[in-house]
Amino acid sequence: MRNVVKFALALAVAGCVFNGAAQAASAENGRKAFVTHGCWQCHGFEGQGSAVTSNGAVLSNTELPYEAFEAFVRSTNRAMPPYREAILPSADLADIYAFLQSVPKPKDVSSIPLLK
């Protein structure tokens, strides 16, 4: 049991260390950076995606950990161009991630009377 507690504590500390940039980020600043860097043009103002411009890629509430999100943004070779540190500073990217995580999740379809 003691080893399980130590392991859980080690995981928690590792999560704080490796995800520190994302945790210290500001959703409010991220919303501004999302607009300033033009992310909204393909992904919509709430990161909801578009069938036309982002092939429906929804960014809000992404399940990607920050490190995977950052790696994709920095090195993508798909329709989205890679955004290097000189173009999109890490602090802005962490703020954008915080913003995307802060977007309220959509209502469950079954909770919308008109759709019943």
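Predicted model: local features only at pLDDT ≥ 70, side-chain atom pairs only at ≥ 80, totals over all residues.
One aromatic cluster is formed by Tyr 66, Phe 69 and Tyr 97. In total, the structure holds four aromatic pairs. In one of these, the ring centres of Trp 40 and Phe 45 lie 4.8 Å apart and the ring planes meet at 10°, so the pair is stacked. Trp 40 is partly exposed, its relative accessible area being 30%. Phe 45 is also classed as partly exposed, at 47% relative accessibility.

Another pair joins Phe 69 and Tyr 97, two members of the aromatic cluster. Their ring centres are 5.2 Å apart and their planes stand at 50°, so this pair is tilted. Because Phe 69 belongs to helix 5 and Tyr 97 to helix 6, the pair ties together parts of the chain that are 28 residues apart in sequence. Both Phe 69 and Tyr 97 are buried.

The largest pocket holds about 620 Å³ of space. Its lining consists of 26 residues, and those closest to the pocket centre are His 43, Ser 54, Leu 59, Phe 72 and Met 80. At least two lining residues come from each of helix 4 (40-43), helix 5 (66-75) and helix 6 (90-102). Sorted by class, the lining comprises 17 nonpolar residues, eight polar residues and one charged residue.

Ser 60 is located in the loop that runs between helix 4 and helix 5. With a relative accessibility of 14%, Ser 60 counts as buried, because the limit for that class is under 20%. When residues up to four places away in sequence are left out, Ser 60 touches Glu 46, Gly 47, Leu 100 and Val 103.

The count of disulfides is zero. Cys 39 takes part in no disulfide, and the nearest cysteine sulfur, that of Cys 42, is 9.0 Å away. A disulfide would require the two sulfur atoms to lie within 2.5 Å. Cys 39 is buried, at 17% relative accessibility. Cys 42 is likewise in no disulfide, and the cysteine sulfur nearest to that of Cys 42 belongs to Cys 39. At 35% relative accessibility, Cys 42 counts as partly exposed, whereas Cys 39 counts as buried.

Technical notes
Residues numbered from 1 in each chain as written. Heavy atoms only, no water. 1 Å grid on protein atoms, 1.4 Å probe; cavity = no way out; pocket = protein on both sides within 12 Å on 5 of 7 lines; lining within 4 Å. Points joined across faces, edges and corners; volume = space filled by probe spheres on them. Helix = DSSP H or I, 4+ residues; strand = E, 2+ residues; numbered from the N terminus. Nonpolar A, V, L, I, M, F, W, Y, C, P; charged D, E, K, R; others polar. Buried < 20%, exposed > 50% of the residue type's maximum accessible area, 1.4 Å probe, protein only. Contact = heavy atoms within 4.5 Å. Phe/Tyr/Trp six-rings, centres within 6.5 Å; stacked < 30°, edge-to-face > 60°.
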